[in-house]
Amino acid sequence: MDGDVELRLDGTTLTVDLGSVDAGETTRVRVNGSRVRVENGSITVTSPTIAGNTLDSEFRIDSWSDSSYIAVGGSASGEFVHHLVSESWTSPSESVVVEAGGQQRIYAPKAPEGGTARARTIPVEVQPENDVRVSVTDPTQPSFEVGPASTSGDAYDVVYHDTVTGDTYRLVSETRDGYVIDEATASSPVTFTDPEDDTELLSIVKANETTGSAGGGGGGVAAQLRRRSAALEG
C-alpha cells in the first residue's frame, strides 16, 4: 500500500482512503471511538473502554464549570447508574441525574481543569417518574444515595442485575438503620419500588444479610401490602 491514509469524518460516517492497494494485499482498519457528549465544558478520553467490555474509561478535563456535565447513554450498559472513580482532585462530590427516559447527566462540580477520573457503572438501574439525583457511595455493596432532582415526592423503581435466580434481595435504607423498603425474589433481575424520592442512602443486600427494622413487623413496603391484602381476604 502506497501513500498516507486519509480519514474523513462527516457526522457519524467515517471514510477511510487507503490510497493505492496492490491486488491480494490484506489491509486492516481499526478505529477507536467514544460515545459521550459534554455540555458547558470539554473532556478528552485518554483511555476508552474496549467495545463489549464493562465501562471503565479514563478522561481528562480540558474545561469545566459548576454547570458542566457529561451526558451518557447509547452503550450496552447505558441504563446502569454511572459514577466516577480515581479522581485526581480532592473532596470529589459527583452525582448523576437520571431522567424518566433513562438519560443520565454526570455532574462533577469540584473538578478542575487538567483533572482526571474514570467513569464506571454499577449493575443498578434507577427508573424515576420524573428525575432523581444519585450518588454512588460503595459500588461493591452496592450502596447509593437517591434524592430529588428537579422534582420531589415521586416514586421510583430500582432494578438490580447482579442476582442469582431464586435468591431473595432487599432494598434497605441505611439512613433509617436498615429499614427494609422492599424485597423481591430474583428471576434475573429484581425490581424494587421506593414510594418517595426523599434523600436517602440505600443498599441492596440478600435477605439473610440484613436484620434491619422493617416498619413494625418486617418485610418492607411490599411485604406490608401483602399482609394487608391477606388480612382483607381472610
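**Close-up 1. Lys206 and its salt-bridge partner, Asp167.** In this predicted model, Lys206 is partly exposed, with a relative accessible area of 29%. Asp167 is partly exposed too, at 24%. The two residues form a salt bridge in which the closest N and O atoms are 3.2 Å apart. Lys206 belongs to strand β18 (residues 200–206), while Asp167 sits in the loop between β14 (156–160) and β15 (168–173), so their contact ties together parts that are 39 residues apart in sequence.

**Close-up 2. A buried pair, Arg170 and Glu183.** Here the side chains of Arg170 and Glu183 meet in a salt bridge, with 2.9 Å from N to O. Distant parts of the chain are linked by this pair: Arg170 is in strand β15 and Glu183 is in strand β16 (residues 179–185), 13 residues apart. Are these two residues buried or exposed? Both Arg170 and Glu183 are buried.

**Close-up 3. The salt bridge between Asp62 and Arg60.** The side chains of these two residues come together at 3.2 Å, N to O. Why does Asp62 count as partly exposed? Its relative accessibility is 30%, and this falls between the limits of 20% for buried and 50% for exposed. Arg60, with a relative accessible area of 33%, is partly exposed as well.

**Close-up 4. A network of charged side chains.** As a reminder for this view, side chains of opposite charge can pair when their charged atoms come close. How many salt bridges does a search of the whole structure find? The search finds nine. Some share partners, and in this way Asp56, Glu58, Arg118 and Arg120 are joined into one network.

**Close-up 5. The open sheet of nine strands.** Follow the strands across the sheet and you will meet them in the order β3-β6-β9-β8-β12-β13-β18-β15-β16, with antiparallel pairing. Which strands stand at the edges? They are β3 (37–39) and β16; each has a single partner strand, so one side of each is left without a neighbour in the sheet. On average, neighbouring strands of this sheet are turned by 25° against each other, direction ignored.

**Close-up 6. Strands β15 and β18 side by side in the sheet.** These two strands pair in the antiparallel sense over five bridges.

Methods
Residues numbered from 1 in each chain as written. Predicted model: local features only at pLDDT ≥ 70, side-chain atom pairs only at ≥ 80, totals over all residues. Heavy atoms only, no water. Salt bridge = Lys/Arg side-chain N within 4 Å of Asp/Glu carboxyl O. Buried < 20%, exposed > 50% of the residue type's maximum accessible area, 1.4 Å probe, protein only. Helix = DSSP H or I, 4+ residues; strand = E, 2+ residues; numbered from the N terminus. Pairing = 2+ DSSP bridges. Axes fitted to C-alpha atoms, helices over the stretch in contact; angles between N-to-C directions.
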